[in-house]
There are 2 protein chains.
Amino acid sequence: MCEASAYLKQADKETLIMEAVDKVEPDENGIRLVSIFGDQKFIKGRIHSLSLVDHKVFIQPE
Amino acid sequence: MCEASAYLKQADKETLIMEAVDKVEPDENGIRLVSIFGDQKFIKGRIHSLSLVDHKVFIQPE
């Protein structure tokens, strides 16, 4: 399985937001994360970068 | 390996842009894609959505 972990990326640290993320859906106000278990979180921010081989999604808070 | 394929998402179709994508780095003007082989492409657009379990990155052209 190729789900990823989502991290909040701040100046000097990365904070784990959610593990086992499947869907990532940005909209005007932020980013919806949906895990493989169906859990959802909505984060105010934008996608900073993805590192897919490392299974990491980085989100920059706004 | 959990690289993905990147698709350009338009109204009624999805066009493959790049396979084996590792890094995805949005900036003000578009999105840089870097494959596991080091190939790079820069696409004018924004991330529409990710479906990580399906290994898919959808980009909406701007």
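**A polar contact of 2.9 Å links the side chains of Ser51(A) and Lys23(B).** Polar contacts here are pairs of N or O atoms within 3.5 Å; within protein, one atom must be able to donate a hydrogen and the other to accept it, and residues adjacent in sequence count only if both atoms are side-chain atoms. The model you are looking at is predicted, so local features need pLDDT of at least 70 and side-chain atom pairs count only at pLDDT 80 or more, while totals for chains, interfaces and linings use all residues; side-chain values use heavy atoms, without hydrogens and water. Residues are numbered from 1 along each chain as its sequence is written, and chains are lettered from A and ligands numbered from 1 in the order in which they are written. Ser51(A) sits in strand β5 (residues 45-51) of chain A; helices (H or I, at least four residues) and strands (E, at least two) are DSSP runs, numbered from the N terminus. Ser51(A) counts as buried because its relative accessibility is 5%, where buried means under 20% relative accessible area, exposed over 50%, and partly exposed in between (1.4 Å probe, protein chains only). Leaving aside residues up to four places away in sequence, Ser51(A) touches Lys56(A), Asp22(B) and Lys23(B), with contact meaning heavy atoms within 4.5 Å.

**Cys2(A) and Cys2(B) are joined by a disulfide, with S to S at 2.0 Å.** The rule used is a pair of cysteine sulfur atoms within 2.5 Å, and it finds one disulfide over all chains. Cys2(A) belongs to the segment before β1 (4-10) of chain A and Cys2(B) to the segment before β1 (4-10) of chain B, so this pair joins two chains. The angle about the S-S bond is -75°, making the link of Cys2(A) and Cys2(B) left-handed. Both Cys2(A) and Cys2(B) are buried.

**Lys9 and Glu14 form a salt bridge in chain A and in chain B.** A salt bridge is a side-chain nitrogen of Lys or Arg within 4 Å of a carboxyl oxygen of Asp or Glu. The closest N and O atoms are 3.2 Å apart for Lys9(A) and Glu14(A), and 3.1 Å apart for Lys9(B) and Glu14(B). Lys9(A) is partly exposed at 23% relative accessibility, as is Glu14(A) at 42%. In the other copy, Lys9(B) is partly exposed at 24% and Glu14(B) at 41%. The count is two salt bridges over all chains, and zero between chain B and chain A.

**Asp27(B) lies in the loop between β2 (13-26) and β3 (31-35) of chain B.** A polar atom of the Asp27(B) side chain is 2.8 Å from the backbone nitrogen of Asn29(B). Asp27(B) is partly exposed, with 41% relative accessibility. Asp27(B) is 18 residues from Gly45(B) in sequence, and their C-alpha atoms are 9.7 Å apart in space.

**His55(A) has a positive phi, near 65°.** Most residues other than glycine have a negative phi. His55(A) is found in the loop between β5 and β6 (56-61) of chain A, and is partly exposed with a relative accessible area of 28%. Phi of His55(B) is also near 65°; this residue sits in the loop between β5 and β6 (56-61) of chain B and is partly exposed at 30%.
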